[in-house]
Amino acid sequence: MGVAVQVDGLVRKFGDFIAVNEVSFEVREGEIFGFLGPNGSGKSTTIRCLCGLLLPSAGTVAVHGLDVRRHAEEIRAQIGYMPQFFSLYSDLSARQNIEFYAAMYGVPRAGLQQRMGEVCERLELGPIMERPAGNLSTGWRQRLALATSILHRPPLVFLDEPTSGVDPITRRMFWEVIDDLAQDGTTVFVTTHVMDEAEHCTRLAMMHYGRLIAQGSPDEMRSRHAKNMVEVRTGKLWDTLAVLQASDAVVEAVVFGDAIHAECHAALTNPAQTVREVLRSARISVESVAAIQPTMEDVFVSLARRYGHPEHVAAGGDG
Amino acid sequence: MLRFIQVIKKEFIHLRRDPMALRLVIVAPIIQLIMFGYAATHDVRNVPVAVFDGDRSAESRQLIEEIEHSYYFHLIQTADDPRDIERRLQSGEAMIGVQIPRDFQRKIMRGTPAQIGLYVDGTDSNTSGVATAYMLGILRQGAASMQIRQARTEGRLRMAPPSVSVEPRVWYNIDLSSINFMVPGVFGLILLVLTVMLGGLSIVRERETGTLEQLLVTPLKIWELLLGKLVPFALVATLDASVIFLLALGWFHVVFRGSLTLLVAMALVFLVNNLGFGLLISTLSRTQQQAQLTAFLFIMPSVLLSGFFFPIANMPVPMQYVTYLIPLRYFLEIVRGIFLKGAGIGVLWPQMLALTAFAIAHFAAGIAAFRKRL
Ligand SMILES: Nc1ncnc2c1ncn2[C@@H]1O[C@H](COP(=O)(O)OP(=O)(O)O)[C@@H](O)[C@H]1O
Ligand SMILES: [Mg+2]
């Protein structure tokens with residue numbers, strides 16, 4: 001497998017503010033590369049640098065081996081991009097938008113109708129094709145934007161938070177489409193701040209205050225970070241939380257839904273047993289205590305705690 | 001199909017769906033032409049006049065009739081209280097107030113000077129100055145002819161008739177020829193405003209609404225993008241210019257002595273200049289509002305210093321030098337020269353050369369400033 005995107009020491013500043021700080025990673029051809037991180041962590045800025053929309057302040061970016069500074073035009077012909085914020089023409093109908101962008105990418109007229117039919121059927125766009133894009137609800141807009149960005153069959157697509165603001169059914173449809181794309185050999189670079197979506201990805205990179213703090217496959221991320229995760233179910237959520245947070249055995253305890261997730265020290269061999277003992281000695285009754293597979297959110301919380309605020313961020317990620 | 005043709009098609013869809021743009025492109029030029037064509041000319045017509053007749057004699061009525069029948073004035077309901085005149089001037093109902101004194105008839109009979117009160121609202125100094133001159137003319141002439149008639153009937157003809165002096169300012173009004181001067185100027189002005197404004201919005205509009213982000217990641221070339229964006233505006237401006245030209249000749253009966261080909265050619269050069277300048281503004285602005293404000297800040301002095309209203313020769317000398325930096329100045333000289341004097345390349349070549357140089361410089365700067373980046 002070749003390398004689709006190679007990023008080395010990418011820095012992007014806005015004035016004095018460093019939005020992307022010394023980021024390095026590579027995206028392999030045909031994989032679904034998940035770019036994670038909370039809002040404002042520099043995901044969109046990185047994508048814009050990869051698409052040639054923003055010039056890097058420092059570092060190098062190569063897409064399919066082409067340097068973005070010198071070969072932006074060639075790169076543009078090989079990528080599809082779905083921006084985070086809706087960027088199609090609101091006064092053009094869905095169909096007019098798709099046709100316009102197909103023309104911009106030079107999709108031959110001969111196969112256009114068939115290709116449009118294919119994509120629109122996959123994303124179930126039929127009912128809204130003649131409606132002005134500006135009148136569509138967020139879910140429809142995102143589907144239309146996705147259709148527009150993949151219609152010309154680019155070998156590499158950048159999707160910036162494609163699932164933000166869409167309903168769960170559309171969300172599932174999106175991930176199915178992304179899987180299909182990867183099946184067909186398309187490289188998909190997708191950002192999200194919903195950590196659970198990371199499970200769909202081949203590999204992940206996690207951004208935090210402009211820095212890349214971890215990368216690897218979902219399993220690697222889980223086993224490397226937030227290893228000893230214990231889930232506690234109890235009627236006394238807040239008392240339990242206080243006890244666990246005060247305990248030496250526990251690195252971090254957070255409320256997770258209606259339970260508590262406690263990350264225990266990596267040295268512990270049976271963390272669930274340790275937690276049970278801690279709670280028993282504090283006379284707190286529990287419904288269940290069990291070692292669990294950490295979720296991606298656990299991983300992120302663990303990493304975020306370790307890296308803290310940007311002033312304290314140590315150099316580089318660990319991937 | 002060629003990509004820039006698709007961009008042109010898209011721009012026309014925007015134009016068609018945008019009521020603001022339609023107004024700017026179609027309605028505004030025609031209204032501007034009619035407004036400037038009528039209002040900005042110095043011709044005085046139908047100036048509202050309020051009259052207080054304190055005498056109510058045959059003579060005073062005759063005088064009022066003369067005012068009423070004049071082509072220049074429109075008598076609004078005659079006031080029946082002298083204070084009424086002031087009120088009407090203040091409210092703007094009347095621009096001129098005339099107060100005929102009680103002893104008007106008696107004085108005319110005796111051949112002694114009669115004093116008529118004349119009140120003028122000088123807010124619009126141009127119109128009021130000319131209107132006052134006309135009014136003075138009517139009043140003096142009217143009173144004088146009455147006195148002469150009276151003198152004749154009394155056999156006092158040996159007496160020298162009171163002098164009939166007509167205010168020289170009457171000649172200020174160049175009457176119809178001011179339309180000839182103004183309308184070709186309006187032609188240039190409308191082209192300037194329309195194309196700088198449209199060009200000014202071209203890029204920044206997409207930047208502000210966010211659509212530029214999607215457009216810029218396509219392989220569309222810069223020249224395709226700019227051509228696709230500006231050609232529709234050029235077409236629209238050409239259409240507007242044709243309508244204005246036809247209205248100028250058909251409606252305002254402006255003389256046209258020169259070559260139509262030359263006018264079209266120079267209008268196109270001017271258009272390129274303005275679109276290039278607009279593009280430059282658009283590329284450097286972050287918001288549409290900023291672009292419009294910047295365009296306005298350049299259009300205002302352009303109009304003032306171009307000789308549109310005031311002859312450049314009447315400006316202070318340092319200002320006259322500044323006018324050389326204003327493309328509209330050259331275009332107005334060219335347009336007025338072609339329209340009124342039938343001037344050709346032989347006479348107008350310096351202006352044409354200057355305008356062409358500006359057009360090339362502005363367009364090149366607009367393209368150079370444009371980057372396919374956010
Ligand atoms: N054009 C810009 N000018 C100034 N600051 C910006 C600009 N774009 C992004 N930023 C800042 O850079 C940081 C990262 O933004 P972004 O890349 O959009 O984050 P994310 O996509 O992860 O939410 C944010 O603090 C944002 O305010
Ligand atoms: Mg973002």
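Leaving aside neighbours within four places in sequence, B:Asn46 is in contact with B:Tyr71, B:Tyr72, B:Phe73 and B:His74, contact meaning heavy atoms within 4.5 Å. This is a predicted model, where local features need pLDDT of at least 70 and side-chain atom pairs count only at pLDDT 80 or more, while totals for chains, interfaces and linings use all residues. Residues are numbered from 1 along each chain as its sequence is written, chains are lettered from A and ligands numbered from 1 in the order in which they are written, and side-chain values use heavy atoms, with hydrogens and water left out.

Back to B:Asn46. B:Asn46 lies in the loop between α2 (19-39) and β1 (47-53) of chain B; helices (H or I, at least four residues) and strands (E, at least two) are DSSP runs, numbered from the N terminus. Because its relative accessibility is 52%, B:Asn46 counts as exposed; the cut-offs are under 20% relative accessible area for buried, over 50% for exposed, and partly exposed in between, with a 1.4 Å probe and protein chains only.

Next, the domains. Chain B is split into domain 1 (8-41 + 177-372) and domain 2 (47-153), with bounds from an automatic or database domain assignment. Taken over C-alpha atoms, the centres of these two domains of chain B are 46 Å apart.

Now the cores. A nonpolar core is a set of buried Ala, Val, Leu, Ile, Met, Phe, Trp, Tyr and Cys residues joined through side-chain atoms within 4.5 Å. The largest has 166 residues, and A:Phe25, A:Phe158 and A:Met206 have the most contacts inside it. Helix α7 (residues 176-209) of chain B supplies the largest share of this core, 17 residues. A second, separate core has 22 residues, among them B:Val49 and B:Ile64.

Last, the interface. Here 21 residues of chain B are in contact with 26 residues of chain A. The two chains bury about 2,500 Å² between them, 58% of it on carbon and sulfur atoms; buried area is the accessible area (1.4 Å probe) that two parts lose on being put together, summed over both. On the chain B side, B:Gln214, B:Val217 and B:Arg373 lose the most area to chain A, together 28% of what that side buries.

Two salt bridges are found across the interface of chain B and chain A, each a side-chain nitrogen of Lys or Arg within 4 Å of a carboxyl oxygen of Asp or Glu. A:Arg48 forms a salt bridge with B:Glu213, the closest N and O atoms being 2.9 Å apart.
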